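Welcome to this short tour. Please open your viewer and keep the selection tool ready.

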Amino acid sequence: MIYLELFISFLKIGLLGFGGGMSIIALIEIEVTNHGWMSSTDFVDIVGISQVTPGPIGLNCATYVGYTATGSVWGSLVASAGVILPSLIIMLAVCSIYMKIRDKWSENPAYQIVMKIIRIAVVCLIAFAAVRLCDKESFIDATSYVICAVVGICTLLPLLKKPLKITDPRWLKVIDTVSHPILLVVLAGVVGAIVY
């Protein structure tokens, strides 16, 4: 029963606090108080731990509250899934709308300029992330390096078409898909969260 309670509460938190780390923390605090999952002192400790853990603070807090409230890893997974699910649904809806209208926009000069600006912004973010990852004092795990490398490769793939002499239409389609600016924005958001 507590797992269902957790999931419904964190789903509501994910919907109301979409995209905001500190707003999610405030909503979690309200739910923790209403359900009596833990004491206010424990919650303050969890917020402190969430701030020093790599990743979005709201998601970290949800994970720790779920674990503490149930005493099991399943609780942390249920709470995390509840917070993430609304974001995934909204992103999928936006992507599906975008895919339907992309062909109409692809020849538009303004659209091409916007896509170039997005790609340049992502390249700048990757460069900044690379500098931060090389910092000896950075508190970042090995997964972060892999994610940063993947986003970097996806960003630079279109530049490698000519040097690698890739002409196969199937490979060109794959390159265009994985290096699409909209996908890069999503991946850059992951990198930004890691660097933060």
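A residue is called buried when its relative accessible area is under 20%, exposed when over 50%, and partly exposed in between (1.4 Å probe, protein chains only). You are looking at a predicted model, where local features need pLDDT of at least 70, side-chain atom pairs count only at pLDDT 80 or more, and totals for chains, interfaces and linings use all residues. Residues are numbered from 1 along each chain as its sequence is written, and side-chain values use heavy atoms, with hydrogens and water left out.

**First stop.** Select E31, in helix α2 (residues 21-35); helices are DSSP runs of H or I with at least four residues, numbered from the N terminus. E31 is buried, because its relative accessible area is 6%. Show its contacts (heavy atoms within 4.5 Å): beyond neighbours within four places in sequence, E31 touches S9, K12, I13 and W37.

**Second stop.** Now select F10, I28, V32, W37, F43, C61 and V65, which touch the most other members of the 21-residue largest nonpolar core. Such a core is a set of buried Ala, Val, Leu, Ile, Met, Phe, Trp, Tyr and Cys residues joined through side-chain atoms within 4.5 Å. Two or more residues each come from α1 (2-16), α2, α3 (40-52), α4 (57-70) and α5 (73-105).

**Third stop.** Which residues does F10 contact, leaving aside neighbours within four places in sequence? They are I28, W37, A62, V65, A79, G82 and V83.
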